[in-house]
Amino acid sequence: MFEHILVAVDFSPASARLETQLERLRALGCRRLTLAYVLVEGYTQAPELGHGPYYEQRLEEMAARLRERGFEMDTAVCAGAVASELERVARERGAGVILAGSHGHSTLRDIFLGSTVLDLARRARRPLLLVPTDGDVVLAEAPVCRPLLATDGSQAAEAAEEVFLKVLPECRRGVVVAVGRWDDDPDRADERRAIEAHVEGLVQRAGERAFDTVLVGQGKPSVVIGRVAEEKAVDLVIIGKRGRNPVTDLLLGSTAEAVCRQARRLTLLVPSQH
């Protein structure tokens with residue numbers, strides 16, 4: 001899945017931060033990159049569509065630096081709706097993941113070219129990897145090796161769980177987090193037993209020493225996930241989302257949205273296959 005990544009480039013300062021993170025993804029098997037820039041039709045602040053060759057040259061300069069570091073490279077400059085074009089190019093070039101920059105101000109509508117990540121979260125049929133680009137976020141430089149899976153045991157989480165299990169052999173011990181409300185409501189004891197059984201199934205598939213388990217019976221899920229990620233020195237948060245539904249329908253309600261804003265580390269949104 002990570003072998004070929006499409007990198008959404010906008011030539012802002014965020015692009016430089018994206019570039020610094022690419023080396024870390026080799027640990028997950030990344031060998032090939034497609035750099036994509038989208039000229040936004042109808043957007044008055046965007047350059048004229050006739051400036052395509054200029055951006056092709058800038059992409060090629062970036063690609064040349066990355067080739068020197070051993071990546072297989074190609075580039076794409078296209079025009080249209082940003083999210084749709086990124087998804088199209090990823091599909092046509094065979095990229096398994098789309099990588100984009102994000103910042104933590106306000107809501108997902110403020111992330112990467114306005115509503116682009118929101119649109120990608122709705123449209124993308126492949127995982128979306130977000131890199132925090134806020135200037136006050138200190139990004140790690142070591143290879144990705146400590147993944148965290150946030151799951152509620154639902155169908156929406158199944159694809160994220162599969163990704164987590166696939167990357168574990170390439171990583172150090174991972175972390176699985178499940179947040180419920182059983183501590184607040186004695187009638188939810190069955191909920192805890194169900195998630196315990198579900199996580200035990202993941203343990204059996206991954207091996208008993210593959211990951212730590214953190215089950216929390218109360219609290220805001222996004223806050224708990226962020227706290228555990230910090231405490232456990234996690235460098236990649238993996239969370240599922242519900243197909244192409246709006247962000248408010250993401251796994252655990254608005255949890256995936258909040259995690260993207262608060263995680264301050266690489267975050268992978270994995271679409272449900274249902």
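Which residue in strand 9 does Leu148 stand opposite? Leu148 stands opposite Val237.

Some ground rules. This is a predicted model: local features need pLDDT of at least 70, side-chain atom pairs count only at pLDDT 80 or more, and totals for chains, interfaces and linings use all residues. Residues are numbered from 1 along each chain as its sequence is written, and side-chain values use heavy atoms, with hydrogens and water left out.

Strand 6 covers residues 147-150. Helices (H or I, at least four residues) and strands (E, at least two) are DSSP runs, numbered from the N terminus. Strand 6 runs parallel to strand 9, residues 236-241, with 4 bridges joining them. It also runs parallel to strand 7, residues 174-179, through 3 bridges. There, Leu149 has Val176 as its bridge partner.

Now the side chains. In a regular strand they alternate between the two faces of the sheet. In strand 6, Pro147 and Leu149 point one way, Leu148 and Ala150 the other. All are buried, meaning under 20% relative accessible area with a 1.4 Å probe, protein chains only.

Two strands pair if DSSP finds at least two bridges between them.

Next, helix 5, residues 158-167. How many of its 10 residues are buried? The count is 7, so to speak mostly covered. Among them are Phe164 and Leu165. The buried residues pack against strand 6, strand 7, helix 6, strand 8 (211-216), strand 9 and strand 10 (266-271).

Helix 6 spans residues 189-206. The two helices pack at an angle of about 30 degrees, axes 11 Å apart. Axes are lines fitted to C-alpha atoms, for helices over the stretch in contact, and angles run from 0 to 180 degrees between N-to-C directions. Helix 5 and helix 6 are therefore roughly parallel, the term for angles under 35 degrees.

Who meets whom? Glu161, Glu162 and Leu165 in helix 5 meet His198, Leu202, Arg205 and Ala206 in helix 6. Contact means heavy atoms within 4.5 Å.

Notes: Angles under 35 degrees count as roughly parallel, over 145 as roughly antiparallel, 65 to 115 as roughly perpendicular and the rest as oblique. Buried means under 20% relative accessible area, exposed over 50%, partly exposed in between (1.4 Å probe, protein chains only).
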